[in-house]
Amino acid sequence: MHVDEMPGSGAIGGTSRGLRGVARYGYAGRHHVADDRWAPIRGLFGPGRPGRLIVATGVICCLGYVAVSETRAATDSSPSVVGAASQSALVDRAGIANREASRSMVRASPQAVAAPTKAKAAPKPAKPTPKPTPKKTAAAKKPAKPVPVAGLSQAQMDNAAIIVQVGLAQKMAKQALIIAIATAMQESDLYNLASDVLPESFNYPHQGSGSDHDSVGLFQQRPSSGWGTIAEIMRPAYAAGAFYAALREVIGWQTMSLAGAAQAVQVSAFPDAYAQHEVRATDVVNALT
């Protein structure tokens, strides 16, 4: 019976049964098959060839490949694998959330976060303290001019005041002040006079002029006699100081008459002329002291 004539459903069914026969018996049936199409197969399963082992090995390898493929597919799609992947994703998200919380440094309660405290307004700059306006110091008042007495003019009274002030500064006695005023009344009528003989004397403040040799000033003192320079004698304060210095050199002047003490200092050609001014000189000194 030929292989292609084996009972079955067509050529394929017969071929399958023929192959099963080959695998079981190692040859194509009990009878030789004259069809040359099966010669290679008969060569594999002929006497002395391990055909069964080869076929079995191939079948096992195919079955193993299919089993491994199915197992890998099942593993990839198993719920446990999906769960592990989801858990890993959740862990990563939790880590991101923790890092964000750490960066934000929010440690307050939800109420505090919902209603943050208002920032304090910057303090207003302090107004600069106004500098105190310096008070104007009142200018020192000039000493009031002395009121003229004893029939003197204001200029005469002013000169008399200078004579008294210098005497008081030198701690001279009141009698010395009266002697000095009476002497100036006789010599210059209490005016600061220049000299027509000394043109230089007109270069300084003066209140008139005289012509008695080189005599100048309130006491008509002469530069040629050693009383001082023209500029010095023309200053009332200097002239008064020079008179008091000469009076202190007169021994016993305190007990002398006014005319005697004045003559001792001035050495005038009219020694008795000073006495006539004693009363008025006393009134002036009393008014100024």
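**Entry 1: ground rules.** I noted that the model is predicted, that local features need pLDDT of at least 70 and side-chain atom pairs pLDDT 80 or more, while totals for chains, interfaces and linings use all residues. Residues are numbered from 1 along each chain as its sequence is written, and side-chain values use heavy atoms, with hydrogens and water left out.

**Entry 2: the whole chain.** I looked up the elements and found eleven helices and two strands in the protein chain, where helices (H or I, at least four residues) and strands (E, at least two) are DSSP runs numbered from the N terminus. Along the sequence the order reads α-α-α-α-α-α-α-β-β-α-α-α-α. Of the 289 residues, 28% count as buried, a word that stands for under 20% relative accessible area, with exposed over 50% and partly exposed in between (1.4 Å probe, protein chains only).

**Entry 3: helix 10.** I asked which residues of helix 10 are buried. They are Leu-258, Ala-259, Ala-261, Ala-262, Gln-263, Val-265 and Gln-266. Because seven of its nine residues are buried, helix 10 is largely enclosed by the rest of the structure. The cover over these buried residues includes helix 7, helix 9 (236–248) and helix 11 (278–288). Just after helix 10, I found Val-267 with a positive phi of about 55°.

**Entry 4: helix 7 against helix 10.** The axes of helix 7 (residues 174–188) and helix 10 (residues 258–266) come within 10 Å and cross at roughly 65°; axes are lines fitted to C-alpha atoms, for helices over the stretch in contact, and angles run from 0 to 180 degrees between N-to-C directions. The two helices are therefore roughly perpendicular, given that 65 to 115 degrees counts as roughly perpendicular, under 35 as roughly parallel, over 145 as roughly antiparallel and the rest as oblique. In contact (heavy atoms within 4.5 Å), I listed Ile-178, Ile-179, Ala-182, Thr-183 and Glu-187 of helix 7 with Leu-258, Ala-261, Ala-262 and Gln-266 of helix 10. These residues divide into six nonpolar, two polar and one charged, where Ala, Val, Leu, Ile, Met, Phe, Trp, Tyr, Cys and Pro count as nonpolar, Asp, Glu, Lys and Arg as charged, and the others, Gly among them, as polar.

**Entry 5: helix 7 against helix 11.** Here the axes come within 8 Å and cross at roughly 120°, which makes helix 7 oblique to helix 11. On the helix 7 side I found Lys-174, Leu-177, Ile-178, Ile-181, Ala-182 and Met-185, and the residues that they meet in helix 11 include Glu-278, Arg-280 and Val-285. By class, this contact has eight nonpolar, two polar and three charged residues.

**Entry 6: Lys-174.** Leaving aside residues up to four places away in sequence, Lys-174 touches Val-285 and Asn-286.

**Entry 7: helix 6 against helix 9.** I lastly turned to helix 6 (residues 154–169) and helix 9, whose axes come within 9 Å and cross at roughly 50°, and these helices are therefore oblique to each other. Asn-159, Ile-162, Ile-163, Val-166 and Gly-167 of helix 6 meet Pro-236, Ala-237, Ala-240, Gly-241 and Tyr-244 of helix 9. I counted this contact by class as seven nonpolar, three polar and no charged residues.
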